[in-house]
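The sequence and the structure come first.

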Amino acid sequence: MVRIITASASFAVLAAALGSSCALAADKPVYGVLMKTLSNPYWGAVEQGVRAAAKEADVEYFTLAAESDQAAEPQLNACNTMLEKKPVVMITAAINSTILLPCLNHANELKIPVIDLDGNLDPEITKKAGVEVAFHIGSENEAAGAKGADYVAETLGKDAKGAVLVIEGLSGNITGQKRARGFANELKKVAPSLTIVASLPGDWDRQKAANIANETLQRNPDLVAIFCANDGMALGAVEAARSAGKDKLIVVGVDGNSDAVKSVLAGRLNASVAQLPYLVGKEAVANAQKVLAGGKVDENIYVPTLVLTKAVLEAKKDPLLAYVK
Amino acid sequence: MPILSIPKEPFGPAVMTAAPSAATRWRVRLTSATAFRIESLLALAVMTAVMTVAAWPYFLTVSNALNILLATSTLGVIAIGMTFVISSAGIDLSVGSLMAFSGVVGCLAVNNLDAPWPVGILACVIAGALAGAVNGSLIARAAIPAFIVTLGMLGVARGVALVLTKGVPVYGLPDPIVYLGQGRPWGIPAPVILLLATALIAHVVLIHTRFGLYAQVIGDNEGAARAMGVRVERMKVLIYALSGGLAGFAGLIFAARVNAGDPTAGSSYELTAVTATIVGGTNLFGGRGSILGTVIGALIMGVLQNGLNLIGVSSYYQQIAIGAVLVFAVWLNRLNRSEGRRR
């Protein structure tokens, strides 16, 4: 029995050590920020932007994230827990379009404004569920795709002829679909002689994208450009193209992550349409302040994107480069 | 192990060495029902006290207590099924995926096939139970290890759920089903009531019926169970069907809670459910199970997660804490048992 008590005591110490020194001072208004997962560099950068803006505005913020971007129910539970702290605003990046709805409904009842990071909530579904969203903020995915098409047309010339391959994201994923659609629509306008020979799901996977690029090159040796819905896949595709000896083939990705920046600087990947997650976090807090002060903001706020090429990165002139992390 | 062997006194060397009498048999029952979860209850109390102080004043409120219970409800229901499986010396890794699969099946039944809502409810539970019966049949009759069969089902069920929904949640359920997830009779969230009712029934089944007894006997000594005339193969099919059915029920509760069939529901819940079961004092190698212990185990996980969230501890540290609690709770169980029956 003594050993059990000793053991329990040591357990208490362990638990206390885990729980100590983290108490939050509650005198300033607290902004609740609910992320998907911080193990994705994108959300890490959003959090940095939130931190910078909160510091500037002199408000406290309270971040929670699920352990992975698949942990749907834990995120809902974290959302409910967050409401216990009575935040003045809820800035959320829902894991999917439905998971947070009961919690956000409750937030509405408590008159806490709800903000959607990166368009994870579907306006049609939130309307059905009676959830009121103060504003959606994020990059416009179709515009990002369109910028990719503009870059291809600029580089190859608007009368260029040849085959183009599009590698989409996970099948059924709205983000990947929007980027691919934006690219295809814009390409038709700016370079009508380029034809998209295939648009295939690469499941956000580097290896899979490399395989798709290889197979398409076998079938269409006249391939002149590949557009990928994210950088990971673009990095796979560019390596496949270069090892097949296609040095002139243009490969464009989306995201502007650090690996892509390295590859662009090394002269391998041609361009990446950079999303600016840091700016997304910063602007989310800034606009939340406006809402809290009773001001009006747009229902959809788009944060600009930036096409990163070797020339842009080396010139270091574009002010938006400061937000590329 | 307690059921078939003559039990030693839990709190000291043998007073009773005679042949098993009615009293001993009682004690066996009591032992499996209550004695082994004292330390889990202690752990829960200590954890609650620590969180109360560390997350003052947010933790110790009625609404937060209901939050914890609500957050524990699906996991608790799954872990109850897991208790039967582990008591019988098995393992079911497919429960998290079956939760998603069943929820999706139920939602599609009412949404795309226009089935009435009671059919939707039945569809969830039956889909889970059938998949569980497939698990049990492969384990018992094809003699494939439970670990492999249910690992396979983990992939298959998740994959089917994703295929059926194309990866996008199916939104919108009839009101009576939504009430099961969002209703608040007497101010208590409906999922909490469903969890408690499930636990009560499962407790009676495990402790007071032949089904529960046989499950534990199989876990204790399969050969002896056979010699006793227990139809082991049939029992295993039923045990895994029960686990699958409860996973389906959890899928129903979750779908009702979010008003959608979500193909990503319950991801990695199999491990959390095993943890809750073991923390609650069920023997990982079978022969002894406790439903009340499992519910306490699930609550420990719930309190831990809720408290750490309130304090604002990052989800990385939370995983460390949960891992530590598992090992710690099993160690406590060890201590207690070696004290009771030092050889």
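## Overall make-up

Chain A has 12 helices and 12 strands, where helices (H or I, at least four residues) and strands (E, at least two) are DSSP runs numbered from the N terminus. Chain B has 14 helices and 2 strands. This is a predicted model, in which local features need pLDDT of at least 70, side-chain atom pairs count only at pLDDT 80 or more, and totals for chains, interfaces and linings use all residues. Residues are numbered from 1 along each chain as its sequence is written, while chains are lettered from A and ligands numbered from 1 in the order in which they are written.

Along the principal axes, the C-alpha atoms of chain A fill a box of roughly 75 × 55 × 40 Å. Of the 325 residues of chain A, 51% are buried; in chain B, buried residues make up 57% of 343. A residue is buried if 20 or more other C-beta atoms lie within 10 Å of its own, exposed if 12 or fewer, and partly exposed in between, with C-beta atoms placed from the backbone.

## Confidence in chain A

The predictor's confidence in each residue is given as pLDDT, from 0 to 100. Its mean for chain A is 87, and 91% of the residues of chain A reach 70 or more.

Two residues are in contact if their C-beta atoms, placed from the backbone, lie within 7 Å.

Of the contacts in chain A with a separation of 6 or more, 73% join residues 24 or more positions apart. The corresponding share in chain B is 79%.

## The interface

In the model, 49 residues of chain B are in contact with 44 residues of chain A. On the side of chain B that touches chain A, the elements giving two or more residues are helices H2 (38-54), H3 (62-87), H11 (232-258), H13 (291-311) and H14 (315-340) of chain B. H14(B) gives the most, with 10 residues.

This side of chain B divides into 24 nonpolar, 20 polar and 5 charged residues. Ala, Val, Leu, Ile, Met, Phe, Trp, Tyr, Cys and Pro count as nonpolar, Asp, Glu, Lys and Arg as charged, and the others, Gly among them, as polar.

## The nonpolar core

The largest nonpolar core has 213 residues, of which A:Ile226, A:Ala237, B:Ile78 and B:Ile300 touch the most other members. A nonpolar core is a set of buried Ala, Val, Leu, Ile, Met, Phe, Trp, Tyr and Cys residues joined through C-beta atoms within 7 Å. H11(B) supplies the largest share of this core, 17 residues. Both domain 1 and domain 2 of chain A give residues to the core, so it lies between them.

Beyond its neighbours within four places in sequence, A:Ala237 is in contact with A:Ile167, A:Ala209, A:Ala210, A:Ala213, A:Ile226, A:Cys228 and A:Val251.

## A covered helix and an exposed residue

Helix H9 (residues 210-220) of chain B is mostly covered, with 8 of its 11 residues buried. Among the buried residues of H9(B) are B:Tyr214, B:Gln216 and B:Asp220.

A:Glu109 belongs to helix H4 (residues 101-109) of chain A. A:Glu109 is exposed, because 9 other C-beta atoms lie within 10 Å.

How values were computed. Domain bounds come from an automatic or database domain assignment.
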